[in-house]
Amino acid sequence: MKKIIISVIALFGIFNAKAQENTNNEPSKKLSLDEINLVSSYYKQDGNNSAVTGGVGTEKLTDISNTIDVTMVKYDKKLRKNKFDFSVGIDHYTSASSDMVDLKANSSASRSDNRIYPTLNWSRENENKGTTLMAGVSFSSEYDYQSYGANIGFAKKTPDKMGEFTAKFQAYLDQVKLIAPIELRTGDNNGTSGRNTFALSLSYSQIINQNFQVEFLADGIQQTGYLSLPFHRVYFTDNSVHQEALPDKRFKIPLGVRANYFLGDKFIVRAYYRYYTDDWGLKSNTFSLETPVKISPFLSVSPFYRYYSQTAAKYFAPYQQHTAFDDFYTSNYDLSKFDSHFYGAGIRISPKNGLFGVERLNMLEIRYGHYTKSVGMKSDIISLNLRFK
Amino acid sequence: MKNFIKIKTAICFLVTITSVQSCTTIKEYEKNKLNDAEMALGNRTIEKTELSFQSYREGSSGANAGKVGGGCGCN
């Protein structure tokens, strides 16, 4: 909480300092601040199917997340718009299930952890040609997991500027620390193993008319390396305990479509559907609907609902149902068959003259959601977004 | 087979919807509704953490729906 307050005060300081104003109509060739977004969230969950204890046991977890996202813009000599986006996030979580890596400990070292994840993205838009080039790098670090990411992309608008095709390639090179459940440790457990993810994302967006636009999405994702988690237990029918074992390859194909429609002057309908399939036998369908209602030009309320269902991965079985004949096994309920409901609402305030007397604080949004899974897990999340412009 | 029929039905539905609405060229000054912040295609900034927890708690994360890497989410 203290960190959030300090961040907000620091941002007020930045904006109360003399800002560099661009008074003519020429786009600025100097690097100038476009916007700053501050997002804070509090998440808590509970359930009784923790993978750390073999598909039984508490899933109690809390997570406090803060991210700051700074976007800067600079036009070059050819009047191409260069956008630089720097973001850094810090999460602090406590997890009762991670605490059970050591079954006897009530407050072991794995009970809580911090995660830090900076990213840097750049894009260059040529408005005359309707093309955009983009690239970025990312990093994420927590005690037992490090990830290095990079991406590169290209976008091209149709000649009438009503449609846009985007292709993006992302790569993540991760390292997992091999922390085994305490009873399965044999000497030194400080090794690491690699996990690589390569994703190609294609999308096409189209403006249909003054009120309606759609977007089609298709991805191909290849994961290789150590895809299990070393501290996930699996209990066989004979009550023997083992570390989770999953194949070292996974290929995923998600396909999606979004459609946003402005209905009259006050209602917006945001719809999304996604179909997913992979070679572990998991298939899923996601449908979500959000309907922002404009109470006034500066205030809107957005109720939302999301439905999700998935089939089980072929390597999943509950507690004490795997046998020694299985090559691969997991009792992680995130890979089981279930459906889930996520619903809630958000409120967004964006007054013309800023909030709390700060002209540049031009948007505040608060959003709450409640999530339930048919396998008994429940969670709540509340998020706050402050935008300075 | 069942899923293939579902996808086919969804595609037919989308094609029908998009063809009923004719694609006309919209001038910049006619885009005030399309340019509304809440009409933006893509995920909203405030959804960041929601997308992370969904990708952790569900088995089907992918590039266009939350993270594919950049953190374990193993708890």
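Residues are numbered from 1 along each chain as its sequence is written, and chains are lettered from A, with ligands numbered from 1, in the order in which they are written. The model is predicted, and local features need pLDDT of at least 70, side-chain atom pairs count only at pLDDT 80 or more, and totals for chains, interfaces and linings use all residues.

Confidence is expressed as pLDDT, the predictor's confidence in each residue, from 0 to 100. For chain A the average pLDDT is 90, and 91% of the residues score at least 70. Over residues 16-23 of chain A, however, pLDDT stays under 50, and the model has 3 contacts beyond four places in sequence for this segment. Two residues are in contact if their C-beta atoms, placed from the backbone, lie within 7 Å.

Secondary structure follows DSSP runs, numbered from the N terminus, with helices (H or I) of at least four residues and strands (E) of at least two. Strands are taken to pair if DSSP finds at least two bridges between them. In chain A, strand E19 (residues 378-388) is joined to strand E1 (residues 32-46) in the antiparallel sense over 11 bridges. Within this pairing, A:Ser383 in E19(A) is the bridge partner of A:Ser41. Strand E18 (residues 361-373) of chain A also runs antiparallel to E19(A), again with 11 bridges, and here A:Glu365 stands opposite A:Asn385. The hairpin of E18(A) and E19(A) has 4 residues between the strands, and A:Gly376 takes a positive phi near 105 degrees.

A further antiparallel pairing links strand E6 (residues 145-157) of chain A to strand E7 (residues 163-177) of chain A through 13 bridges; the bridge partner of A:Ile152 in E7(A) is A:Phe169. These two strands form a hairpin with 5 residues between them, in whose turn A:Lys161 has a positive phi of about 60 degrees. E7(A) also pairs with E8(A), in the antiparallel sense, over 15 bridges, with A:Glu164 facing its bridge partner A:Ser205 in E8(A).

A:Phe84 lies in strand E3 (residues 81-95) of chain A. This residue counts as partly exposed because it has 15 C-beta neighbours inside 10 Å; with C-beta atoms placed from the backbone, a residue is buried if 20 or more other C-beta atoms lie within 10 Å of its own, exposed if 12 or fewer, and partly exposed in between. Beyond its neighbours within four places in sequence, A:Phe84 is in contact with A:Met72 and A:Trp122. A:Asn49 is 35 residues from A:Phe84 in sequence, and their C-alpha atoms are 42 Å apart.

Chain B has 2 helices and 0 strands, and 40% of its 75 residues are buried. Helix H2 (residues 48-57) of chain B is largely enclosed by the rest of the structure, because 8 of its 10 residues are buried. Among them are B:Phe53, B:Tyr56 and B:Arg57. The buried residues of H2(B) pack against E1, E2 (61-75), E18 and E19 of chain A.
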